Amino acid sequence: MSRLASMLATGALVLGFAAAASAQEVNVYNGRHYSTDTELWTGFTKATGIKVNVIEGDADQLIQRIKSEGSNSPADVLITVDAGRLGFAAREGIFQPVRSAGIDAIVPASLRDPDGLWTGIATRARVIVFAKDRVKPGELSTYEDLADPKWKGKVLVRSGTHIYNLSLTGAMIATHGEAKAEAWARGLVANFARPPKGGDTDQIKAVAAGEGDVALVNTYYVARLIGSSKPDEKAVADKIGVFFPNQRDRGTHVNISGAGVVKTAKNKDNAVKLVEYLLSPEAQRYLADTSMEFPVNPKVQPHGILAAFGDFKVDPLNAAKFAGYQPEALKIMDRTGWK
């Protein structure tokens with residue numbers, strides 16, 4: 001064999017090894033901030049033999065990183081929380097469309113991007129937490145009702161610029177139009193018990209402490225307090241109740257944790273397999289029990305704490321729809337003083 005032929009053969013062999021190695025891995029940029037997610041990657045590798053390489057970080061920073069890396073990005077999958085972030089990534093051209101019979105058969109259409117750019121892997125409801133000694137469930141009804149003057153000085157909620165509230169306001173825009181959504185936000189601000197500060201858990205604790213009577217929070221924050229082994233957090237949980245808004249009309253606003261396959265993914269097939277795995281009964285059970293989110297796979301029941309809240313009607317509005325209104329929602333926050 002000539003030297004050139006030998007070099008070509010060696011090069012082909014090296015390329016073959018590289019391709020084989022690539023075929024046995026998938027690279028995840030993860031913005032979920034749950035240390036327990038490591039068990040998901042272990043479970044996937046055990047089930048498929050595919051190694052999972054993970055870069056953890058803030059979702060917005062990960063999106064910008066993928067953009068700056070361009071075609072050289074090693075990212076195959078972006079995982080994050082809130083449809084707003086997934087929608088932003090989609091608008092920035094981060095994702096590629098994926099059509100998977102496995103995904104479509106499990107995830108309701110309302111929790112998937114219509115163009116197949118991303119899918120929900122778990123859900124959380126934005127509920128009203130109330131002080132059991134000061135508010136009766138019969139006094140509560142809808143998100144819209146919290147803007148009524150009867151709640152003046154009683155409403156607690158985190159910053160309007162936080163993505164959870166931008167998504168909720170985006171849903172209000174999709175339902176009522178921008179003008180009515182702004183009027184709602186203005187009425188809500190007028191009813192604040194204090195200027196927004198802290199996260200959802202801080203709002204729950206403030207209700208228990210008597211700083212306000214009601215708060216808007218995600219369900220998993222409540223579930224964590226209820227399931228806590230800390231006496232002070234147990235005491236907080238004992239003082240509050242959970243109410244699912246809008247049960248007599250469109251249903252309660254539900255958001256997602258979700259995943260999308262990156263447009264420049266070098267391991268697309270493995271990326272799709274990983275997303276499909278995250279919807280499997282095994283992974284969904286793990287998500288439900290560790291992050292206290294609702295599973296999207298109908299074969300998997302919620303954690304017992306969430307199940308104890310009872311069944312509730314979910315707003316069928318597509319998550320991509322309310323995510324798409326976040327720029328308008330942010331303007332509403334600025335105009336109404338919901339800082």
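The dialogue below discusses a nonpolar core and a domain interface in a predicted model.

User: Which residues of the largest nonpolar core touch the most other members?

Analyst: In soluble globular proteins, nonpolar side chains tend to be buried together. A nonpolar core is a set of buried Ala, Val, Leu, Ile, Met, Phe, Trp, Tyr and Cys residues joined through side-chain atoms within 4.5 Å; buried means under 20% relative accessible area (1.4 Å probe, protein chains only). Here the largest core has 46 residues, and Val26, Trp41, Val77, Leu78, Ile79, Phe95 and Trp118 touch the most other members. Domain 1 (23-123 + 256-304) and domain 2 (124-253 + 319-336) both contribute residues, so this core lies between them. The domain bounds come from an automatic or database assignment.

User: How many salt bridges cross the interface of domain 1 and domain 2?

Analyst: A salt bridge places a side-chain nitrogen of Lys or Arg within 4 Å of a carboxyl oxygen of Asp or Glu. The rule finds 1 across this interface. Arg124 forms a salt bridge with Glu293, their closest N and O atoms being 2.9 Å apart.

User: How far apart are the centres of the two domains?

Analyst: Taken over C-alpha atoms, the centres of domain 1 and domain 2 are separated by 27 Å.

Notes. Residues numbered from 1 in each chain as written. Predicted model: local features only at pLDDT ≥ 70, side-chain atom pairs only at ≥ 80, totals over all residues. Heavy atoms only, no water. Buried < 20%, exposed > 50% of the residue type's maximum accessible area, 1.4 Å probe, protein only.
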